[in-house]
Amino acid sequence: QVQLVESGGGLVQPGGSLRLSCAASGYTFTTVDMGWFRRAPGKDREFVATMPWSGLTFYSDSVKGRFTISRDKAKNTVDLQMSNLKPEDTAVYYCALKNSEYSAYDYYGQGIQVTVSS
(Lines give C-alpha, C1' and ligand atoms only; values in the text may rest on other atoms or scores of the structure.)
Protein backbone atom coordinates (compact mmCIF):
# COMPACT_ATOMS: atom_id res chain seq x y z
CA GLN A 1 0.00 0.00 0.00
CA VAL A 2 1.52 3.30 -1.11
CA GLN A 3 1.89 5.89 1.63
CA LEU A 4 2.95 9.50 1.21
CA VAL A 5 3.48 11.62 4.32
CA GLU A 6 4.00 15.37 4.01
CA SER A 7 5.58 17.68 6.57
CA GLY A 8 6.79 21.26 6.88
CA GLY A 9 3.72 23.36 6.19
CA GLY A 10 2.51 26.30 8.24
CA LEU A 11 1.98 30.04 8.31
CA VAL A 12 4.48 32.38 6.68
CA GLN A 13 4.49 36.06 5.78
CA PRO A 14 4.53 37.22 2.16
CA GLY A 15 8.07 37.09 0.82
CA GLY A 16 9.01 34.34 3.23
CA SER A 17 10.13 30.76 2.66
CA LEU A 18 9.00 27.29 3.60
CA ARG A 19 10.27 23.81 2.84
CA LEU A 20 7.88 20.91 2.38
CA SER A 21 9.04 17.32 2.65
CA CYS A 22 7.40 14.06 1.68
CA ALA A 23 8.36 10.50 2.52
CA ALA A 24 7.09 7.68 0.32
CA SER A 25 6.76 4.03 1.23
CA GLY A 26 4.92 0.88 0.29
CA TYR A 27 5.31 1.00 -3.48
CA THR A 28 6.68 -1.80 -5.62
CA PHE A 29 7.34 0.00 -8.90
CA THR A 30 10.88 -0.12 -10.22
CA THR A 31 10.97 3.58 -11.09
CA VAL A 32 8.70 6.32 -9.82
CA ASP A 33 8.03 9.95 -10.60
CA MET A 34 7.28 12.28 -7.69
CA GLY A 35 5.80 15.72 -7.54
CA TRP A 36 3.69 18.31 -5.78
CA PHE A 37 0.19 19.56 -6.40
CA ARG A 38 -1.93 22.09 -4.50
CA ARG A 39 -5.56 23.01 -3.98
CA ALA A 40 -6.40 26.60 -3.11
CA PRO A 41 -9.72 27.43 -1.40
CA GLY A 42 -12.57 27.16 -3.89
CA LYS A 43 -10.34 25.90 -6.70
CA ASP A 44 -9.42 22.61 -8.31
CA ARG A 45 -6.19 20.82 -7.51
CA GLU A 46 -3.39 22.07 -9.75
CA PHE A 47 0.07 20.94 -10.70
CA VAL A 48 3.00 22.65 -8.96
CA ALA A 49 6.19 20.76 -9.74
CA THR A 50 7.46 17.33 -10.68
CA MET A 51 10.72 15.46 -10.83
CA PRO A 52 10.50 12.28 -12.88
CA TRP A 53 12.91 9.41 -12.38
CA SER A 54 15.14 10.96 -15.05
CA GLY A 55 15.95 13.83 -12.71
CA LEU A 56 14.52 16.52 -14.94
CA THR A 57 12.33 19.12 -13.26
CA PHE A 58 9.12 20.77 -14.40
CA TYR A 59 7.25 23.64 -12.80
CA SER A 60 4.00 25.46 -13.28
CA ASP A 61 4.43 28.98 -14.61
CA SER A 62 3.04 30.40 -11.37
CA VAL A 63 5.90 29.03 -9.24
CA LYS A 64 8.78 28.90 -11.71
CA GLY A 65 11.79 30.75 -10.34
CA ARG A 66 10.45 30.71 -6.78
CA PHE A 67 10.01 26.99 -5.98
CA THR A 68 12.59 24.23 -6.26
CA ILE A 69 11.82 20.53 -6.21
CA SER A 70 14.40 17.96 -5.17
CA ARG A 71 14.37 14.30 -4.31
CA ASP A 72 16.50 11.65 -2.68
CA LYS A 73 15.92 8.36 -4.46
CA ALA A 74 17.77 6.38 -1.81
CA LYS A 75 15.53 7.75 0.94
CA ASN A 76 12.35 7.84 -1.16
CA THR A 77 11.76 11.49 -0.34
CA VAL A 78 10.83 14.58 -2.30
CA ASP A 79 11.11 18.16 -1.07
CA LEU A 80 9.70 21.45 -2.25
CA GLN A 81 11.64 24.57 -1.32
CA MET A 82 9.32 27.56 -1.61
CA SER A 83 10.71 31.10 -1.64
CA ASN A 84 9.28 34.56 -2.14
CA LEU A 85 5.89 33.22 -1.15
CA LYS A 86 2.77 35.12 -2.13
CA PRO A 87 -0.74 35.11 -0.64
CA GLU A 88 -1.94 33.31 -3.78
CA ASP A 89 0.32 30.38 -2.85
CA THR A 90 -1.99 29.68 0.07
CA ALA A 91 -3.30 26.15 -0.44
CA VAL A 92 -3.23 22.58 0.74
CA TYR A 93 -0.15 21.02 -0.83
CA TYR A 94 -0.13 17.37 -1.83
CA CYS A 95 2.81 15.11 -2.47
CA ALA A 96 2.22 12.79 -5.43
CA LEU A 97 3.74 9.64 -6.83
CA LYS A 98 3.26 7.50 -9.94
CA ASN A 99 4.81 4.60 -11.75
CA SER A 100 7.17 6.14 -14.31
CA GLU A 101 5.50 4.08 -17.04
CA TYR A 102 2.17 5.81 -16.53
CA SER A 103 1.18 9.32 -17.54
CA ALA A 104 -1.02 10.41 -14.66
CA TYR A 105 -0.33 10.72 -10.96
CA ASP A 106 -2.59 8.39 -9.02
CA TYR A 107 -1.16 8.41 -5.49
CA TYR A 108 -1.45 11.45 -3.24
CA GLY A 109 -0.64 12.23 0.36
CA GLN A 110 -3.15 13.57 2.85
CA GLY A 111 -2.09 17.14 2.18
CA ILE A 112 -0.51 19.86 4.27
CA GLN A 113 -1.65 23.44 4.75
CA VAL A 114 0.49 26.37 3.64
CA THR A 115 -0.84 29.81 4.49
CA VAL A 116 0.83 32.99 3.28
CA SER A 117 -0.48 35.98 5.18
CA SER A 118 0.69 39.02 7.05
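This is a predicted model: local features need pLDDT of at least 70, side-chain atom pairs count only at pLDDT 80 or more; totals for chains, interfaces and linings use all residues.
Residues are numbered from 1 along each chain as its sequence is written, and side-chain values use heavy atoms, with hydrogens and water left out.

**Aromatic pairs**

- A pair of aromatic rings is described by the distance of the centres and the angle of the planes.
- Rings of Phe, Tyr and Trp (its six-membered ring) pair if their centres lie within 6.5 Å; planes under 30 degrees apart count as stacked, over 60 as edge-to-face and the rest as tilted.
- Searching the whole structure turns up four aromatic pairs.
- One of them is F29 with Y107: the ring centres are 6.1 Å apart and the planes stand at 45°, so this pair is tilted.
- That pair links distant parts of the chain, 78 residues apart: F29 is in the loop between strand 3 (18–25) and strand 4 (32–39), while Y107 is in strand 10 (residues 107–108). Strands here are DSSP runs (E, at least two residues), numbered from the N terminus.
- How accessible is F29? F29 is partly exposed at 21% relative accessibility, and Y107 is partly exposed too, at 29%. The cut-offs are under 20% relative accessible area for buried, over 50% for exposed, and partly exposed in between (1.4 Å probe, protein chains only).
- F37 and Y105 make an edge-to-face pair, because their centres are 5.4 Å apart and their planes are at 70°.
- This pair also links distant parts of the chain, 68 residues apart, with F37 in strand 4 and Y105 in the loop between strand 9 (91–99) and strand 10.
- Are F37 and Y105 buried or exposed? F37 is buried at 11% relative accessible area, and Y105 is buried at 14%.
- Ring pairs also join F37, F47, Y105 and Y108 into a cluster.

**Charges over rings**

- A charge sits over a ring if NZ of Lys or CZ of Arg is within 6 Å of the ring centre and within 35 degrees of the ring normal.
- K73 lies over the face of W53, at 4.1 Å from the ring centre.
- Y105 turns up again here: the charged end of K98 sits over its ring, 5.7 Å from the centre.

**Strands and their partners**

- Strands of a sheet pair through backbone hydrogen bonds, either parallel or antiparallel. Two strands count as paired if DSSP finds at least two bridges between them.
- Four strands form an open sheet in the order 1-3-8-7, with antiparallel pairing. Its edge strands are strand 1 (3–7) and strand 7 (67–72), each pairing on one side only.
- Strand 1 and strand 3 run antiparallel and are joined by five bridges; E6 has C22 in strand 3 as its bridge partner.
- Strand 11 (residues 112–116) has a covered face with I112, V114 and V116, and an uncovered face with Q113 and T115.
- Which way does strand 2 (residues 10–12) run against strand 11, parallel or antiparallel? The two run parallel, joined by three bridges, and G10 has V114 as its bridge partner.
- Strand 9 and strand 11 run antiparallel, again with three bridges, and V92 stands opposite Q113.

**Positive phi**

- N76 isn't a glycine, yet its phi is positive, at about 60°. N76 is in the loop between strand 7 and strand 8 (77–82).
- N84, also not a glycine, has a positive phi near 50° and lies in the loop between strand 8 and strand 9.
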